Amino acid sequence: MENINKVQKDWWKESAIGIPKLITDIPGPESKRMHANTARYMKGLSSQVKLFPVCFEEGSGITLTDVDGNKYLDFSSGIYVTSLGHCHPKISEAVSHWAKKLMNAHDFTTPVKEKLMEKMAGILPGKLNAIQLYSDGTASVEAALRAARAITNKHEFISAYRDFHGKTLGAVSCAQMFRGETYSYGPTRAAGFYMVPRPDPYRPLWTKGDGSIDTDAYIRFYEDFLKEGTVGNVAAFVLEPVQGWAGSIFPPDDFFPKLKALCDKYKILLYDDEVLAGMGRTGEWLTLNHWGVIPDIVTFGKSFGNGFPVTAMVVSEENGDALEKISASSSYGGNPMACAAALASLEVIEEEGILQNVRSVGGFFMKRMLRMKEQHPIIGDVKGKGFLLGIELVKDKKTKEPFDEAGKIVYQKAFRKGLAWIPAGHILRMSPPLIMDEKYASMGMDIIEEAIAEVEREFGYK
Ligand SMILES: Cc1ncc(COP(=O)(O)O)c(C=O)c1O
């Protein structure tokens, strides 16, 4: 930690003094008025907003301020997006510089794009250095699917239950998009897209004699599925390194190395969708780095521009020509503001020792969650690496029945105590800004633990 530039590292601390600071009931009167007015026209809001319709006006570092002047501790980073803190001065400055100088030049090279390309090639492992830029995660996923077809001349894809990859047709075809509040009309997946179970250590489908998860059984199933369930034309396995939206579900350590070996055996690409988990959130540039695996294709988004919409699709050098065959460019992809945001974000991660902070405070988070699991009857499992965290609520630790009602109420209670966050269903998800130190990490966990304890009392557990 010695090499951290102290001045930069501490830029967010002043705005965090005294948080959470609540001066009205929340959502407050102005939030209520503004939300009701907006919701007359704006439809299709997410469940988080429906459950807690607060309106935000300002963000600085790890704090958010609503339109009634209440200040919250941020445990969501937007939605895994503003990972280096809201309005990081270096990143805001970089974007505004180009906003005044050159906003768009299609896919012509600009000075800031040249620098970004060199930076990315320097950071990414192996020969992952054939790059294209986009402006949302889904567009990068679609491009990755097209690239996989162009590289392999094959057309089938295998993804996994409860993965999420975006909301356009190819991306939707890699996921089950008609669960809960998300409905799909008509055929839900394009032809040639299949889904298989992936190992969840808390809810294993196949176990070894000692009860632990049996990764080999999953791999055997995949091998069988390749022979029996496909026409032998699989271009890629499409997987999140960790299932973010599903609840921060990490695979066992041997899963990706074994899957990569299977992919290599059948000349299938491993496409690693790091839109949510990449760029430092788990303490590595790529989450797959934790397991020593280099994917054939990778996509980045969310944190990549720390709030400015910029995403990337990258393939390895030897497959770079495939990008010539898929009409890879787009209207906004790689515009100067986007390149500036991404470049400044990558520089901040290095300059401020963000990966080290994520590893050390991430260790604190995990210890704290493990202690909470011991002490709370409704916490069935805790999961995480770095700052990608989950607490799974169950009605009974033996039956592991998901406790959805508790999830919703804990979410609302913690929000009411001043924590802005993003749970989904019975798994409480947390993605705090990666700049956060132990003091505020502990403050957030205290709020969540208090909310869980209150729910336990209300449901008669304690
Ligand atoms: C793993 C993953 N891939 C792709 C996407 C889609 O990204 P976007 O919402 O920017 O289109 C998401 C969004 O949550 C995601 O989590």
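This is a predicted model: local features need pLDDT of at least 70, side-chain atom pairs count only at pLDDT 80 or more; totals for chains, interfaces and linings use all residues.
Pro-27 sits in the loop between α2 and α3. The peptide bond leading from Ile-26 into Pro-27 is cis, and its omega is near -10 degrees. The loop between α2, residues 13–16, and α3, residues 29–39, also holds Pro-20. Pro-20 is joined to Ile-19 by a cis peptide bond, with omega at about -10 degrees. As a reminder, most peptide bonds are trans, and most residues other than glycine have a negative phi.

Which residue in the loop between β7 and α11 concerns us here? It is Ser-248, in the loop that runs between β7 (234–239) and α11 (255–265). Ser-248 is not a glycine, yet its phi is positive, at about 55 degrees. Ser-248 counts as buried, because 26 C-beta neighbours lie inside 10 Å, and the cut-off for that class is 20 or more.

Asn-306 is another case. Asn-306 has a positive phi of about 50 degrees, although it is not a glycine. Its place is the loop between β9 (297–300) and β10 (311–316). With 32 C-beta neighbours inside 10 Å, Asn-306 is classed as buried.

Helix α6, residues 89–101, packs with helix α12, residues 336–351, at an angle of about 160 degrees, and the axes are 8 Å apart. The two helices are therefore roughly antiparallel, since an angle over 145 degrees falls in that class. The crossing of α6 and α12 is right-handed. From α6, the contact draws on Lys-90, Ile-91, Ala-94, Val-95, His-97, Trp-98 and Ala-99. On the α12 side, these meet Pro-336, Met-337, Ala-340, Ala-341, Leu-343, Ala-344, Ser-345 and Val-348. By class, this contact comprises twelve nonpolar residues, two polar and one charged.

Helix α7, residues 111–123, also packs with α12, at an angle of about 40 degrees and with axes 9 Å apart. Here the crossing is left-handed. Helix α7 contributes Val-112, Lys-113, Lys-115, Leu-116, Lys-119 and Ile-123. Helix α12 contributes Pro-336, Cys-339, Ala-340, Ala-342, Leu-343 and Leu-346. The contact of α7 with α12 has nine nonpolar residues, three charged and no polar ones.

Is Gly-59 buried or exposed? It counts as buried, because 21 C-beta neighbours lie inside 10 Å, where the cut-off is 20 or more. Leaving aside residues up to four places away in sequence, Gly-59 touches Leu-64, Thr-82, His-86 and Cys-87. Between Gly-59 and Ser-77, which are 18 residues apart along the chain, the C-alpha atoms are separated by 10.0 Å.

Key. Residues are numbered from 1 along each chain as its sequence is written. Axes are lines fitted to C-alpha atoms, for helices over the stretch in contact, and angles run from 0 to 180 degrees between N-to-C directions. Helices (H or I, at least four residues) and strands (E, at least two) are DSSP runs, numbered from the N terminus. Angles under 35 degrees count as roughly parallel, over 145 as roughly antiparallel, 65 to 115 as roughly perpendicular and the rest as oblique. A crossing is left-handed if the near helix is turned anticlockwise from the far one by less than a right angle, and right-handed if clockwise. Two residues are in contact if their C-beta atoms, placed from the backbone, lie within 7 Å. Ala, Val, Leu, Ile, Met, Phe, Trp, Tyr, Cys and Pro count as nonpolar, Asp, Glu, Lys and Arg as charged, and the others, Gly among them, as polar. A residue is buried if 20 or more other C-beta atoms lie within 10 Å of its own, exposed if 12 or fewer, and partly exposed in between; C-beta atoms are placed from the backbone.
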